Amino acid sequence: MVSPVVFWVVAVLLVAAALAMVLARNIVHSALFLIVSFIGYAVLYLFLEADFLAAVQVLVYAGAVSILLVFAVMLTRRGNMQESNLFNNYKVTGALIAAVLFLLIGNMVLNTSWAISSIAAPESTVGPLAELLLGKFVVPFEVAAILLLVAMVGAIIVARGVKDSK
Amino acid sequence: MITLEHYLILAAVLFCIGLWGALAKRSAIMVLMSIELMLNAVNINLVAFSRFLTPDALVGQVFAIFVIVVAAAEVAVGLAIVINIYRERQTSFVDEFDWLKW
């Protein structure tokens, strides 16, 4: 069990990074705050004793996805970066919708009685996860591999652009 | 003592911040970033349920791995589309993507 002080420090940092991402006026700063929040998520996985997922989070999100995002920002910039990430006309409406959704979810969470289990979590999750992925969930695992291949080929074709056929 | 509810509420806060960003930002790349934030919040929910409700089954973590796979595919295709649109229209603002409107 993680100590409450550590949890609250990480939680406040995570929410602050997420808010700063949405409020930043410069899209490069937004991308950097997003990386901070990805690392915060990895720390939360560690608190939840999901060590493999924490490593995957750092590799896939803080490593690969954030590089892709910064790459796309750099390829689509126009003029200076100062005002590159402004709100549209739905700033207040969007905030209201998000706040209402939060109240709904919070209400549901606090009014449900969860059947908390007292069994201890496994020491290491890598071995059991491998057995699940290559045993019980082997078909979804292979489908996910095909999905990644198709998405990669599709992304290359879309980003490169198709030449007019003769 | 940190309980399941703490993680669920924290994930709800992050999900709603991501939703606000996805609804209220002009840049298409910022919308994709906000969607990543929302998907990660959902993953926290899945792993927290797995840890507190069925610690010995690990099914929630398997599900979180599949969500990460789909999110990576989504962001790659989404960014490719944004780059292609930028090439054609010289803009990455969602308001100006209006081919299907008229």
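**Terms and basis**

Contact means that heavy atoms lie within 4.5 Å. This is a predicted model, in which local features need pLDDT of at least 70, side-chain atom pairs count only at pLDDT 80 or more, and totals for chains, interfaces and linings use all residues. Residues are numbered from 1 along each chain as its sequence is written, chains are lettered from A in the order in which they are written, and side-chain values use heavy atoms, with hydrogens and water left out.

**Two domains in chain A**

Chain A is divided into domain 1 (1-86) and domain 2 (123-166), with bounds from an automatic or database domain assignment. The centres of the two domains, taken over C-alpha atoms, are 23 Å apart. In domain 1 of chain A, 4 residues are in contact with 5 residues of domain 2.

About 280 Å² is buried between these domains, 64% of it from carbon and sulfur atoms; buried area is the accessible area (1.4 Å probe) that two parts lose on being put together, summed over both. On the domain 1 side, A:Glu49, A:Asp51 and A:Phe52 lose the most area, together 92% of what that side buries.

**The largest nonpolar core**

A nonpolar core is a set of buried Ala, Val, Leu, Ile, Met, Phe, Trp, Tyr and Cys residues joined through side-chain atoms within 4.5 Å; buried means under 20% relative accessible area (1.4 Å probe, protein chains only). The largest one has 73 residues, and A:Leu44, B:Tyr7 and B:Ile29 touch the most other members. At least three of its residues come from each of domain 1 and domain 2 of chain A.

Leaving aside residues up to four places away in sequence, B:Tyr7 touches residues including A:Phe7, A:Leu44, B:Ile44 and B:Phe52.

Definitions and conventions:
Buried means under 20% relative accessible area, exposed over 50%, partly exposed in between (1.4 Å probe, protein chains only).
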